[in-house]
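Thank you all for coming. I would like to take a few minutes to walk through one model, so please have it open as we go.

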Amino acid sequence: MAVSEWNDRNSKNLCRNGYTEFPGEEVIPESGRSAILSLRLDHNRIGFIPPEIKAFRSLVILDIGNNGLSHISVELSQLTQLQVLIAKNNNLDNDSVPKSFDQLQSLVDVNFGGNNFTEFPPQLVHMSKIQKLSLGSNRIREIPSTIEHMRRWVVREICCFFRLV
């Protein structure tokens with residue numbers, strides 16, 4: 001489906017609504033979740049992405065930036081159509097990203113900038129389709145040498161100071 005075909009039924013902009021938890025059935029009915037292609041939940045106060053995220057199985061774009069997130073549910077890995085994940089400016093750290101995250105083989109753009117990572121997320125190393133990666137404003141000091149072969153990546157803002165190990 002082309003972006004020009006997106007509409008209010010398959011795109012939800014729920015940013016800046018003051019949500020403190022993931023929107024429930026009253027906001028996005030269960031019956032319509034599988035049709036959602038784009039979901040913007042940025043600039044709320046959502047602390048974690050719950051298992052219910054798996055119901056959004058057609059999701060292509062997910063913006064969960066600027067929320068205070070400290071955890072991403074393992075069920076996010078079931079969103080096999082997801083191409084863009086914006087999770088910048090949260091409280092994510094080395095333990096927040098599920099080990100199964102590398103199953104998101106459709107991802108082309110990942111933004112984990114402005115979080116609390118101290119290590120390069122190892123799940124990203126073998127994700128073959130990533131073209132853009134933002135990890136700026138974290139506390140990452142070392143980048144694994146295994147990413148050296150990933151010339152197709154446009155690695156933006158990884159960190160200020162690092163060394164290959």
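I will begin with the overall picture and then turn to a few individual residues.

A word first on what you are looking at: this is a predicted model, in which local features need pLDDT of at least 70 and side-chain atom pairs count only at pLDDT 80 or more, while totals for chains, interfaces and linings use all residues. Residues are numbered from 1 along each chain as its sequence is written, and side-chain values use heavy atoms, with hydrogens and water left out.

The protein has zero helices and eleven strands, where helices (H or I, at least four residues) and strands (E, at least two) are DSSP runs, numbered from the N terminus. Buried residues account for 47% of the 165 residues, and here buried means under 20% relative accessible area, exposed means over 50%, and partly exposed is what lies in between, with a 1.4 Å probe and protein chains only. The protein exposes about 8,700 Å², of which carbon and sulfur atoms supply 48%; these accessible areas come from the Shrake-Rupley method with a 1.4 Å probe, and for residues only the protein chains shown count as cover. If we take contacts between residues at least 6 apart in sequence, 40% of them join residues at least 24 apart, a contact being heavy atoms within 4.5 Å.

Let me turn now to the interior. Leu85 lies in strand β6, and Leu85 counts as buried because its relative accessible area is 0%. Apart from neighbours within four places in sequence, Leu85 is in contact with a set of residues including Leu62, Ile64, Leu76, Phe101 and Phe112. The C-alpha atoms of Leu85 and Val108 are 8.6 Å apart, although 23 residues separate the two along the chain.

Is Ser77, which sits in a loop, buried or exposed? Ser77 is in the loop between β5 (71-72) and β6 (84-86), and its relative accessible area is 3%, so Ser77 is buried. With neighbours within four places in sequence set aside, Ser77 is in contact with Pro98, Ser100, Phe101, Gln103 and Leu104.

Next, the charges. The structure holds one salt bridge, defined as a side-chain nitrogen of Lys or Arg within 4 Å of a carboxyl oxygen of Asp or Glu. Which side chains form it? They are those of Arg40 and Asp42, at 2.9 Å from N to O; Arg40 is partly exposed at 31% relative accessibility, whereas Asp42 is buried at 4%.

There is also a negative surface patch, formed by Glu21, Glu25, Glu26, Glu30 and Glu52. Patches are made of residues with over 30% relative accessible area and no salt bridge, with like charges joined within 9 Å and nonpolar side chains (Val, Leu, Ile, Met, Phe, Trp, Tyr) within 5 Å.

Finally, two backbone details in loops. His43, in the loop between β2 and β3 (48-49), has a phi near 60 degrees, a positive value in a residue other than glycine, and His43 is partly exposed at 31% relative accessibility. Asn89, in the loop between β6 and β7 (109-111), likewise has a positive phi, of about 55 degrees, although Asn89 is not a glycine, and Asn89 is partly exposed at 38%.

Methods: Lys, Arg positive; Asp, Glu negative; His and termini not counted. Charge placed at Lys NZ, Arg CZ, Asp CG, Glu CD.
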